[in-house]
Amino acid sequence: MMKLLTPTKFGAIDLNNRVVMAPLTRMRAAQGDVPGQLAAQYYAQRASAGLIITEATQISPLGKGYPGTPGIYSEEQIKGWQTVTSEIHAKGGKVVMQLWHVGRISHTSHHPEQGLPVAPSAIAPSGQVFTAQWGQAAYETPRAMTQEDILALIHDYQCAAENALRAGFDGVEVHAANGYLLDQFLQNGTNHRTDEYGGSIENRCRVLMQVLEAVIGVWGSDRVGVRLSPYGSFNDMSDSDPVILFNGVIDRLNPLHLAYLHLIEPRSTMAGGSDQVVQDMPSTATLFSERFEGKVLMAGGYNKDNAEEAVTSGHADAVAFGRLYISNPDLVARFAAGAPLTPYDRATFYGGTEKGYTDYPTL
Ligand code: FNR
């Protein structure tokens, strides 16, 4: 039997197998950024995964950067997520919520009352942003966060973690990858601060550590994971020395005894936003997985064969699949049967309704 199909444990969370559904933004939330009945159906269809990680979910209005992404700061949102978690649990699945703040990857149209997007430093990303009207615009230059803003941010994470607990999740994943706010603090291409939140690695890790302290206070460390993307360039990210930085991050995560560390391979361009595989990228599994003392979840460009290789070689305890989970709701059964996989249709990744969302076939 494939090791991929054997059970494991992430902290206090029991996984029936090591095939994990990666977090996947699908931009189909209803009015008020509430996940609807269709989202509950979509996730329940994928409940045979060892663990489902939800699409990135904004902790506050200011944390939003795309149209149609769900939140976890209002009563209606909590109710919507309660339906999702109970349908997954009814099918024997496990699910954690990915907590998200986009930082500078936003536009005023998403949060007109709060104004400009915020970031560690006032540096605009290159490229185009999605507006609230599903249009494209040039990125605005974000407002550099004050220390007061950072205190408010930690509070928002704590409230979101409490809301996720009420919504019936099995845990939470703190999204510190792919160029969103916490990653913007970690990497020095986006963090030019001169206060206690910038400069040294200790300082650049400070917001992440404070967020984790708040979230762990709600959940306990054995139900909290973190996602990192060393060498990822999506969302115009860069760091002068990713090895020193991410070794430093992992060294600070180790004493927390988290449920798991989730690492993305940079070979998947644009975080899965393109099908081109970048050759000659360093492997984050090789560089970083052994430094972490707990369970490691690997993602980015995995298929059945290289995933099995990763769990048998010890580079990963489990593997997350993104694009394959979009088009194969019964991915576990297909791996077990050696059955062919359904190809995904990129045109229906974002927005719309059932098409490309809940209508992919099972075996
Ligand atoms: C993603 N990815 C992603 N990552 C994340 O941390 N939060 C998210 O909400 C999303 N949303 C998202 C949407 C879509 C449509 C794609 C294709 C990707 C990245 C994803 O989790 C994964 O890391 C990449 O897709 C690479 O893995 P695969 O697709 O090669 O298995």
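At a relative accessibility of 1%, Cys-205 counts as buried, whereas Cys-159, at 26% relative accessibility, counts as partly exposed. These values, like those that follow, were computed from a predicted model. A disulfide is a covalent bond between the sulfur atoms of two cysteines; the structure holds zero disulfides.

The buried residue Cys-205 is also among the residues through which helix 5 contacts helix 6. Helix 5 spans residues 201-219 and helix 6 spans residues 242-253, and their axes come within 10 Å and cross at roughly 40 degrees. Because angles under 35 degrees count as roughly parallel and those from 65 to 115 as roughly perpendicular, helix 5 is oblique to helix 6. The crossing of these two helices is right-handed. On the side of helix 5, the contact is made by Ile-201, Glu-202, Arg-204, Cys-205, Leu-208, Met-209 and Leu-212, and on the side of helix 6 by Ile-244, Leu-245, Gly-248, Val-249, Arg-252 and Leu-253. Divided by class, this contact of helix 5 with helix 6 comprises nine nonpolar, one polar and three charged residues.

Helix 5 also packs with helix 3, which covers residues 147-166; the axes of helix 3 and helix 5 come within 9 Å and cross at roughly 30 degrees, which makes helix 3 roughly parallel to helix 5. This crossing, too, is right-handed. The residues contributed by helix 3 are Ile-150, Leu-153, Ile-154, Tyr-157, Gln-158, Ala-161, Glu-162, Ala-164 and Leu-165, and they meet Val-207, Gln-210, Val-211, Ala-214, Val-215, Val-218 and Trp-219 of helix 5. In the contact of helix 3 with helix 5, 13 residues are nonpolar, two are polar and one is charged.

A further packing pair is formed by helix 1, residues 37-45, and helix 2, residues 75-90, whose axes lie 8 Å apart at an angle of about 25 degrees. Helix 1 and helix 2 are therefore roughly parallel to each other, and their crossing is right-handed. Helix 1 takes part in the contact through Gln-37, Ala-39, Ala-40, Gln-41, Tyr-43 and Ala-44, while helix 2 takes part through Trp-81, Thr-83, Val-84, Glu-87 and Ile-88. By class, the contact of helix 1 with helix 2 holds seven nonpolar, three polar and one charged residues.

Key
Residues are numbered from 1 along each chain as its sequence is written. This is a predicted model: local features need pLDDT of at least 70, side-chain atom pairs count only at pLDDT 80 or more; totals for chains, interfaces and linings use all residues. Side-chain values use heavy atoms; hydrogens and water are left out. Axes are lines fitted to C-alpha atoms, for helices over the stretch in contact, and angles run from 0 to 180 degrees between N-to-C directions. Helices (H or I, at least four residues) and strands (E, at least two) are DSSP runs, numbered from the N terminus. Angles under 35 degrees count as roughly parallel, over 145 as roughly antiparallel, 65 to 115 as roughly perpendicular and the rest as oblique. A crossing is left-handed if the near helix is turned anticlockwise from the far one by less than a right angle, and right-handed if clockwise. Contact means heavy atoms within 4.5 Å. Ala, Val, Leu, Ile, Met, Phe, Trp, Tyr, Cys and Pro count as nonpolar, Asp, Glu, Lys and Arg as charged, and the others, Gly among them, as polar. A disulfide is a pair of cysteine sulfur atoms within 2.5 Å. Buried means under 20% relative accessible area, exposed over 50%, partly exposed in between (1.4 Å probe, protein chains only).
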